Amino acid sequence: MAESYDVIIIGSGPGGYVTAVRSAQLGFKTAIVEREHLGGICLNWGCIPTKALLRSAEIMHYSDHLKDYGLKLEGGKIMPDTAAVVDRSRKVSLRLNTGVGFLMKKNKVDVIWGEAKLSKAPAGDKPGEVVVSKTAKKAMEPQPPVPKGVKGEGTYTAKHIILATGARPRALPGIEPDGKLIWTYFEAMVPKEMPKSLLVMGSGAIGIEFASFYRTMGADVTVVELLPAVMPVEDAEVSKFAQKQFEKQGMKILLEAKVTKVEKGANSVTAHVEMKDGKVEKITADRMISAVGVQGNIENLGLEALGVKTDRGCVVVDGYGKTNVPGIYAIGDVAGPPMLAHKAEHEGVVCVEKIANFPGVHPIDKLKIPGCTYCSPQVASVGLTEAKAKAEGKDIRVGRFPFSANGKAIALGEDQGFVKTIFDKKTGQLLGAHMVGAEVTELIQGFVVAMNLETTEEELMHTIFPHPTLSEMMKESVLDAYGRALNA
């Protein structure tokens with residue numbers, strides 16, 4: 001007889017496991033189905049391990065500039081130990097993977113190991129049905145051990161089924177990653193040795209983060225971007241500034257260009273890159289990273305048979321994660337952009353609280369979801385860009401404040417960057433904030449909180465920021481939008 005639950009979540013990434021915890025807190029009998037890694041792609045192969053790699057690159061960057069800090073190192077220049085860098089990254093992920101297992105146990109969430117397929121949708125008082133089969137062998141190695149005490153193959157039922165299956169790298173026809181010469185972010189995170197040269201196809205967050213990491217580690221890096229700007233979703237000023245910094249670091253960036261063909265050698269690739277003027281340039285590199293986006297994991301879940309609507313590789317949902325089929329929900333990357341871990345977590349909480357009729361629950365305002373790119377320099381943003389605000393016909397005020405006028409930034413030796421804020425001229429509403437520079441990914445939440453509280457420029461001006469901190473630039477940017485900057 002099938003074991004029954006109130007809620008079954010398929011996928012244990014940030015969205016899935018946070019949803020499971022919140023579901024259990026709300027009193028639901030909850031289970032989560034996972035086929036590979038507790039913590040999903042983000043924790044095991046995405047957000048967390050990439051930051052561990054980038055931290056190693058950051059330390060190496062500092063070691064190369066010891067003289068700038070009045071220090072010196074005897075015995076020559078520090079060189080990266082590839083195996084040790086990768087090993088540290090994997091250990092960071094394993095530690096957090098284990099932590100997710102602990103959270104499931106603490107909150108009495110059953111973990112079911114295997115691949116899930118929906119065989120019946122909930123209907124009236126009858127629960128939906130999920131069939132769990134043995135996990136197919138995956139190419140990603142090494143994989144963490146299967147947690148002890150988990151359930152496995154079988155049939156399970158639930159009144160509510162939440163899809164949190166995440167996404168995978170998108171492949172372009174004819175330029176499919178092979179795991180050896182053409183990498184996705186999986187292979188890029190566990191290199192056996194550092195390539196001397198690298199070509200990165202795509203300059204979104206994933207592409208630029210790896211370009212930044214490998215350039216700092218000493219590789220000659222070329223980035224090919226189809227659109228007219230790197231990190232094209234960012235504010236134009238931020239994008240241009242970041243590009244100049246990347247190029248100063250020795251990165252080669254080709255805009256309005258596309259890889260049309262790749263020839264594979266014994267231990268290198270030659271990419272045919274078509275430029276804006278139609279000319280084709282051949283670029284040979286040891287390795288190539290394909291970073292042209294991701295697509296939702298919607299296959300083999302039984303969605304077609306149940307009539308669940310999808311669009312362009314993602315499940316179609318409303319503001320509460322509901323699909324067109326009652327009792328079936330989707331959150332996170334599989335439910336569409338922006339494909340960010342923190343968006344998935346919040347979506348999951350909103351979804352399950354709506355199921356529980358929890359008071360005060362409301363849909364996510366996607367304009368208030370921050371985006372962060374952990375390259376060097378870091379980039380962070382929330383809300384409308386200047387161009388989008390103008391396109392919407394808004395009358396705006398724009399403020400800017402440079403890192404070069406901030407005492408803490410100068411003391412850190414990180415005086416390149418700026419903070420930009422955009423306000424509605426009539427109401428004082430904060431419409432957007434955009435930052436580039438050291439640690440801006442830690443600063444952006446201040447503006448996110450302000451936007452959620454519907455804070456005006458006046459309230460931000462009256463807020464006392466601590467000195468000396470990088471956060472002072474946030475207030476100065478607000479002051480600058482109204483012609484009142486004090487330190488520039």
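This section describes the overall dimensions, nonpolar cores, strand pairing and selected backbone features of a predicted model.

Residues are numbered from 1 along each chain as its sequence is written, and side-chain values use heavy atoms, with hydrogens and water left out. Because the model is predicted, local features need pLDDT of at least 70 and side-chain atom pairs count only at pLDDT 80 or more, whereas totals for chains, interfaces and linings use all residues.

The chain has 14 helices and 24 strands; helices (H or I, at least four residues) and strands (E, at least two) are DSSP runs, numbered from the N terminus. For 488 residues, a compact globule would have a radius of gyration near 23 Å, and the value of 24 Å for the chain agrees with this. The radius of gyration is taken over C-alpha atoms, and the globule rule is 2.2 Å times the number of residues to the power 0.38. Along the principal axes, the C-alpha atoms fill a box of roughly 70 × 60 × 50 Å. Buried residues account for 50% of the 488 residues, where buried means under 20% relative accessible area, exposed over 50%, and partly exposed in between (1.4 Å probe, protein chains only). The chain exposes about 23,200 Å², of which carbon and sulfur atoms supply 54%; accessible areas come from the Shrake-Rupley method with a 1.4 Å probe, and for residues only the protein chains shown count as cover. Among contacts (heavy atoms within 4.5 Å) between residues at least 6 apart in sequence, 64% join residues at least 24 apart.

A nonpolar core is defined as a set of buried Ala, Val, Leu, Ile, Met, Phe, Trp, Tyr and Cys residues joined through side-chain atoms within 4.5 Å. The largest such core has 39 residues, of which Phe210, Phe213, Tyr214, Val221, Phe246 and Ile289 touch the most other members. At least two core residues come from each of helix H3 (47-63), helix H5 (185-188), strand E9 (197-201), helix H6 (205-216), strand E10 (220-224) and helix H7 (236-248). The greatest contribution is that of H6, with 5 residues. Residues up to four places away in sequence aside, Phe210 touches Thr50, Leu53, Tyr185, Ala188, Met189 and Ile289. A second, separate core comprises 28 residues, including Ala380, Met451, Leu460 and Tyr482.

Strands E9 and E10 also belong to an open sheet of 5 strands, with parallel pairing in the order E8-E15-E9-E10-E11. Two strands are taken to pair if DSSP finds at least two bridges between them. The edges are strand E8 (182-183) and strand E11 (252-254), each of which pairs on one side only. E8 is joined in parallel to strand E15 (residues 287-290) by 2 bridges, and Trp183 has Ile289 of E15 as its bridge partner. Helix H6 packs on this sheet, touching E8, E9, E10 and E15, and its direction makes about 165 degrees with that of E10. Axes are lines fitted to C-alpha atoms, for helices over the stretch in contact, and angles run from 0 to 180 degrees between N-to-C directions. Within E10, Thr222 is buried, with a relative accessible area of 11%. Its neighbours within four places in sequence aside, Thr222 is in contact with Leu198, Leu199, Val200, Lys252, Leu254 and Ile283.

Antiparallel pairing occurs elsewhere in the chain. Strand E13 (residues 269-274) is joined to strand E14 (residues 280-285) by 6 bridges in the antiparallel sense, with Glu281 in E14 as the bridge partner of Val273. Their hairpin has 5 residues between the strands, and Gly278 there takes a positive phi near 95 degrees. Strand E21 (residues 378-383) is largely enclosed by the rest of the structure, because 5 of its 6 residues are buried. A hairpin of 4 residues connects strand E20 to E21; E20 (residues 371-373) and E21 run antiparallel and share 3 bridges, with Cys372 partnered by Ala380. E21 also pairs antiparallel with strand E24 (residues 430-437) over 6 bridges, and Gly383 stands opposite Gly432 in E24.

A cis peptide bond with omega of about 10 degrees joins Ser376 and Pro377, and Pro377 lies in the loop between E20 and E21. Another cis peptide bond joins Pro337 and Pro338, with omega of about -5 degrees. Met231, in the loop between E10 and H7, has a positive phi near 45 degrees and counts as buried at 2% relative accessibility. Arg312, between strand E17 (310-311) and strand E18 (314-315), has a positive phi of about 50 degrees and counts as exposed at 76% relative accessibility.
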